[in-house]
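Here's a walk through a protein model, going from the overall layout down to a few individual side chains. Keep the viewer open and follow along.

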Amino acid sequence: MNYASFLLYAVITTFTPGPNNIMAMTTAGRFGFKRASRYCWGVFFGFLALLLLAAVFSSALAKIDPRVQIGMKVVGAGYMLYLAFTILRDKPHVQKEDGKRHLEPDRVFTGIIMQAINPKAIFFSITCMSSYVLVFTSVPLEIGLFALLLSIIALASTMLWAFFGAVFERVFNKHKKVLNVVMALLLAYCAVALFL
């Protein structure tokens, strides 16, 4: 395995703006780093599970009808646009009238669920496992260690974005409208970029 290429791909893809990083930064800007870190840990656990599933099913996924992948892109892009809309409205932690909380951005559960519908994470997992890891090894323990390494990189990325969100909390509060528009546009770009 070309470790330099593998790590470069993993770091560049993980640290660039995407739904996880933007949500971590936005959540930290609104609620503080401690509450945003819950989301980051959810990303870690969800991403680890996603990577392991990608390893198990990567050969089967290559044979699936291409329309399934298009459907996955459409669903993922729709969810990203929904997130952009909620950030733009400045109500990411909306509660329904029943008083129950639903996918609040500062929850571990939200971070886990986000991986199941995050096309960037799904395609990254499939690419890493099929192009790098499974070509190098078929030993389950080694595959698990690579998945753990990639999940740690994702955790570091979201924590860093959350840190910047918390550090610039005053700036966020002062320029909330402008920053919400920027964050919403970045998420919208992530959605549109899936089809470019």
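**From helices to side chains**

The protein has 9 helices and 0 strands, where helices (H or I, at least four residues) and strands (E, at least two) are DSSP runs numbered from the N terminus. Read from the N terminus, the order of elements is α-α-α-α-α-α-α-α-α. Bear in mind that this is a predicted model, so local features need pLDDT of at least 70 and side-chain atom pairs count only at pLDDT 80 or more, while totals for chains, interfaces and linings use all residues. Residues are numbered from 1 along each chain as its sequence is written, and side-chain values use heavy atoms, with hydrogens and water left out.

Of the 196 residues in the protein, 42% are buried, meaning under 20% relative accessible area with a 1.4 Å probe and protein chains only (over 50% is exposed, in between is partly exposed). Take the contacts (heavy atoms within 4.5 Å) between residues at least 6 apart in sequence: 83% of them join residues at least 24 apart.

Now for some helix pairs. Two packed helices are described by the angle between their axes and the distance between the axes. Here the axes are lines fitted to C-alpha atoms, for helices over the stretch in contact, and angles run from 0 to 180 degrees between N-to-C directions.

Start with H2 (residues 19-31) and H9 (residues 176-193), which pack at about 165 degrees with their axes 10 Å apart. That makes H2 roughly antiparallel to H9; the label applies over 145 degrees, with under 35 being roughly parallel, 65 to 115 roughly perpendicular and the rest oblique. Their crossing is left-handed, which is to say that the near helix is turned anticlockwise from the far one by less than a right angle (clockwise would be right-handed). On the H2 side you'll find Pro19, Ile22, Met25, Thr26 and Arg30, and they meet Asn180, Met183, Leu186, Leu187 and Cys190 in H9. The residues of this contact split into 7 nonpolar, 2 polar and 1 charged, counting Ala, Val, Leu, Ile, Met, Phe, Trp, Tyr, Cys and Pro as nonpolar, Asp, Glu, Lys and Arg as charged, and the others, Gly among them, as polar.

Which other residues does H2 hold? Asn20 is one of them, and it counts as buried because its relative accessibility is 11%. Beyond four places in sequence, Asn20 touches Tyr39, Val43, Met114, Gln115, Asn118 and Thr158. Val43 sits 23 residues from Asn20 along the chain, with 7.2 Å between their C-alpha atoms. Thr27 also lies in H2, and at 2% relative accessibility Thr27 is buried. Leaving out neighbours within four places, Thr27 contacts Gly32, Ala36, Pro105 and Asp106.

Next, look at H6 (residues 119-136) and H7 (residues 140-167), packed at about 140 degrees with axes 11 Å apart. H6 and H7 are therefore oblique to each other, and their crossing is right-handed. Phe124, Cys128, Met129, Val133, Leu134 and Phe136 in H6 meet Ile143, Phe146, Ala147 and Leu150 in H7. What kinds of residues form this contact? They divide into 10 nonpolar, no polar and no charged.

Finally, zoom in on the loop between H6 and H7, where Thr137 sits. Thr137 is buried, at 6% relative accessible area. Its side chain reaches the backbone nitrogen of Val139 at 3.0 Å. The side chains of Thr137 and Glu142 are joined by a polar contact of 2.4 Å; such a contact is a pair of N or O atoms within 3.5 Å where, within protein, one must be able to donate a hydrogen and the other to accept it, and residues adjacent in sequence count only if both atoms are side-chain atoms. Setting aside neighbours within four places, Thr137 is in contact with Glu142, Ile143 and Phe146.
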